[in-house]
Amino acid sequence: MTHAPDSLPSVGQLRGANPAQVRAAASAARSVQRQVEAQLRALARMPGGWEGPAGVEATARHAEVVLVGEVLEAALGDLATALEGAADGVDGARRLLAHAELTCGRAGGHLTDVGGVVGLLDPAVEPVVRASALEARRRYAVAALGLRRVQVPRWMMASPGSLTAPPTGSGLGEAPMQTSLPTIPQHLDPQAMASWFAELPVTAQAVLVARQPDTVAAAEGLPAWAHDAANRLRLDRAIRDADLALQAATTAALSSPTPIDDLGLGALRDRVADLRAIADVLDRQDGHDRQLLAFDLSGRRVLVAISTGDIDRAGRLAVFVPGFTVTPATHLRGYDTRVTAGSDLASSIDRSWGTGEGVVGITWLGYAAPQIDEVLDRSRSVASRLPAEEGGQHLRAFLDGLAASRERSIGASTPDVSIWAHSYGSLVAGSMLAAAAQRHESTPVRAVVALGSPGMGVSIPAQLGLRLDQIFVAEAELDPIPELGVFSSDPGHWAGVTQLETEARPLPDGSPGAAGRGHESYLTPGSTSAWNLAAIAAGRPDLALTRWRCDEPRVLRLRDPACRA
């Protein structure tokens, strides 16, 4: 980020800055954060097992208090970290200014409060002094900007009556105390929903999540933290319900002459396996603060989207869209591992060659992918476009919700989105982009990579609504799927679209990139293909390795028509 000199704080303002006061405020916020943490630990040790109507109410209220406490603890931690960073930035700016003043003084001059240089005996020193003072002012501005961007807890600014206090009870047998909460509006678009939610005090937001998790989870446009908290509550409940249902069905099957499949045991086992896979991924202890962004129990298999980090603060997003036969139970653990490695590599590239904003990955299993036993079903077959078109609608709503929540809830710009679309998932992504282009609508997608694609559902790349330099194709050796070309034309034959290398090559960071083999090789850590995906997600497609197909025919790849002369 650059600032015009006239928009920067003055030298006088920097001289008057007091980082010690900022550090004291940071220390106070950190102290309160530790107190809240201690209270949360005490709440976690409270005995459970409450029974009866009062027990149910007590459990719900306990969950509310814990959730509000967690929101408060996180907000205080963010505030303390921002204050500490701001103090460090001001210290650095003041040291640079002191160096400029010393240099100016040794040459007999003086640096004024408005940045002027007077009285110099050596004119050659003036450009150095001015440049140092300007850089000091810029660093001061960056420190102040970082502090303004922090999410200050809204209850510090809310009016006292913005969240009605619970009524005072007068004795046993009365109705449970209720906090006056607004009702989530229906039929709002993501932008309007984001604006409505942002106006609530943070305490009301937290209690709303605790009391109405299903409604919060279904509302597109809410911040990622709200969806994550609501969906985790729903996941815990779903696991308990599914376990009990499976136990009951298993017991009934032991004494029933009805075939097990007719009792629905297979579907229950699939549901439990899906839920356990989601819980396993969320419980991973690898330093990533995953968020459960989407969690849909309405269909045959569970639909889910899990991020590798905090979406609300992400600089860029890489969204992986998988294809045929994918379910949480069979694929989520492996895909999350690879998406995490890929987004980590993208963040590393971003730190070394980009803006340093960071990249967060999303494993998006947010549509009902066609399954093997659905091949003969015209509406659900992998040979049909219908599941992809429906999936494209879900993907568009998901991305619009993320964009709206950042713009309206936290005042941040929409992050650039790169889509890593694998196999049938490339048809899902293509359907979404083509539908938006037909309606002349924009999306946050700034790059799409078709991995082992059977076709994206369009005849020419222009129908996707992206520039040619935003469309990429990767086709690995021994992957037969790209040669099918069943959904319009083969993206690997599109003129002007970047063809990514998948063979072993030295990478720009000095490491060797491994060759990819087969349909599932594209996200393999350490591969040339994984590097390319990370470079594109980091906003540095110039660091991706490309290939000239006419020079390198593949075993299972037909040459491009242009190469057959």
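1. What share of the contacts in the protein chain with a separation of 6 or more comes from residues 24 or more positions apart? The figure is 71%. This is a predicted model. The chain has 565 residues, and 47% of them count as buried. Its secondary structure comprises 13 helices and 12 strands.

2. Confidence comes next. The mean pLDDT of the protein chain is 84, and 86% of the residues score at least 70. Strand β4 (residues 303-307) has the highest confidence, at 98. Helix α6 (residues 202-211) has the lowest, with a mean of 78.

3. Two stretches call for caution. Residues 151-179 have a pLDDT below 50, yet this stretch has 37 contacts in the model beyond near neighbours in sequence. Residues 554-559 also stay under 50. For them the model has 26 contacts beyond four places in sequence. Where pLDDT is low, the predicted coordinates should not be read in detail.

4. Now the second largest pocket. Its volume is about 420 Å³. The lining consists of 22 residues, and Ala217, Glu220, Ala294, Phe295 and Asp296 are the closest to the pocket centre. By type, the lining has 13 nonpolar, five polar and four charged residues.

5. Which elements each supply at least two residues of that lining? They are α7 (213-218), α8 (224-254), β3 (291-296), β4 and α11 (386-409). Helix α11 gives the most, with five residues. Strand β4, one of these contributors, is also where confidence is highest.

6. Helix α9 (residues 265-282) passes a length check. Its 18 residues should span 26 Å at 1.5 Å a residue, and the end C-alpha atoms are 26 Å apart, so the two values agree.

7. Which residues of α9 are buried? They are Leu265, Arg271, Val272, Asp274, Leu275, Ala277, Ile278, Ala279, Val281 and Leu282. Note that Arg271 and Asp274 are on this list. The cover over the buried residues of α9 includes α8, β3, β4 and α10 (328-353).

8. Two histidines deserve a look at the backbone. Most residues other than glycine have a negative phi, and most peptide bonds are trans. His187 has a positive phi of about 65 degrees. The residue lies in the loop between α4 (126-148) and α5 (190-198). His187 counts as exposed because its relative accessibility is 83%, and the cut-off for exposed is over 50%.

9. His440 also has a positive phi, of about 55 degrees, and is not a glycine. Where does His440 lie? It lies in the loop between α12 (424-438) and β8 (445-451). Is His440 buried or exposed? With a relative accessible area of 75%, His440 is exposed.

10. Leu451 is found in strand β8. Its relative accessibility is 1%, so Leu451 counts as buried; the cut-off is under 20%. Leaving aside neighbours within four places in sequence, Leu451 is in contact with Trp420, Ala421, His422, Ser423, Ala474, Tyr522 and Leu533. Tyr522 is 71 residues from Leu451 in sequence, but the two C-alpha atoms are 6.9 Å apart in space.

How values were computed: Residues numbered from 1 in each chain as written. Predicted model: local features only at pLDDT ≥ 70, side-chain atom pairs only at ≥ 80, totals over all residues. Heavy atoms only, no water. pLDDT = per-residue confidence, 0-100. Helix = DSSP H or I, 4+ residues; strand = E, 2+ residues; numbered from the N terminus. Contact = heavy atoms within 4.5 Å. 1 Å grid on protein atoms, 1.4 Å probe; cavity = no way out; pocket = protein on both sides within 12 Å on 5 of 7 lines; lining within 4 Å. Points joined across faces, edges and corners; volume = space filled by probe spheres on them. Nonpolar A, V, L, I, M, F, W, Y, C, P; charged D, E, K, R; others polar. Expected span 1.5 Å × (residues − 1). Buried < 20%, exposed > 50% of the residue type's maximum accessible area, 1.4 Å probe, protein only.
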